[in-house]
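This report covers charged contacts, an aromatic pair and the surface. Please view the chain first.

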Amino acid sequence: MHDGSVVRFRSVPAGYDPHDRMKVEEYIRDRESRGEIVTGLLYVDESAKELHEMNATPTHALAKVAYTALCPGAAELASMQNDFR
């Protein structure tokens, strides 16, 4: 890096199980004790709800939604702002 620091990229070891939460936490703590910062998708909980399901996002792109459906109008926006005051 420009300041002399070093960044090393490596993959997780063979046999790494992203479904075992305790092992993942152990892996992170082990790497942290060595002065390493672990990033990336390290844990997967397939029983958790999918993000779009949790947030009830639409199935179609927002770019294709009519402006009138996205913008409720000045009066409604002012009313919504009152909730934050």
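## A salt-bridge network

Arg 10, Arg 31 and Glu 36 are linked in a network of salt bridges. A salt bridge here is a side-chain nitrogen of Lys or Arg within 4 Å of a carboxyl oxygen of Asp or Glu. The model is predicted: local features need pLDDT of at least 70, side-chain atom pairs count only at pLDDT 80 or more, and totals for chains, interfaces and linings use all residues. Residues are numbered from 1 along each chain as its sequence is written, and side-chain values use heavy atoms, with hydrogens and water left out.

Arg 31 sits in helix H1, residues 21-33. Helices (H or I, at least four residues) and strands (E, at least two) are DSSP runs, numbered from the N terminus. Is Arg 31 buried or exposed? Arg 31 is buried, because its relative accessible area is 14%. Buried means under 20% relative accessible area, exposed over 50%, and partly exposed in between, with a 1.4 Å probe and protein chains only. Glu 36 is partly exposed, at 26%.

Which residues does Arg 31 touch, leaving aside those up to four places away in sequence? They are Arg 10, Glu 36 and Val 38. Contact means heavy atoms within 4.5 Å.

## Other salt bridges

The salt-bridge count comes to four. One of them joins the side chains of Arg 21 and Glu 25 at 3.4 Å, N to O. Both residues lie in helix H1, four residues apart, or about one turn of the helix. Arg 21 is partly exposed, with a relative accessible area of 49%. Glu 25 is also partly exposed, at 30%.

Asp 30 and Arg 34 form a salt bridge too, at 3.2 Å, N to O. Asp 30 is partly exposed, at 30% relative accessible area. Arg 34 reaches 51% and so counts as exposed.

## The aromatic pair

A pair of aromatic rings is described by the distance of the centres and the angle of the planes. Rings of Phe, Tyr and Trp (its six-membered ring) pair if their centres lie within 6.5 Å; planes under 30 degrees apart count as stacked, over 60 as edge-to-face and the rest as tilted. How many aromatic pairs does this rule give? The count is one aromatic pair. Tyr 16 and Tyr 27 form it, edge-to-face, with 5.2 Å centre to centre and 70° between the planes.

The pair links distant parts of the chain, with its residues 11 apart. Tyr 16 belongs to the segment before H1, and Tyr 27 to helix H1. Tyr 16 is buried, because its relative accessibility is 19%. Tyr 27 is buried at 13%.

## The surface

Met 1, Val 7 and Phe 9 make a nonpolar surface patch of about 400 Å². Patches are made of residues with over 30% relative accessible area and no salt bridge: like charges are joined within 9 Å, nonpolar side chains (Val, Leu, Ile, Met, Phe, Trp, Tyr) within 5 Å. Accessible areas come from the Shrake-Rupley method with a 1.4 Å probe; for residues, only the protein chains shown count as cover.

Phe 9 lies in the segment before H1. Phe 9 counts as exposed, because its relative accessibility is 77%. Glu 32 lies in helix H1. Glu 32 is exposed as well, at 56%. Glu 32 and Phe 9 are 23 residues apart in sequence and 15 Å apart in space, C-alpha to C-alpha.
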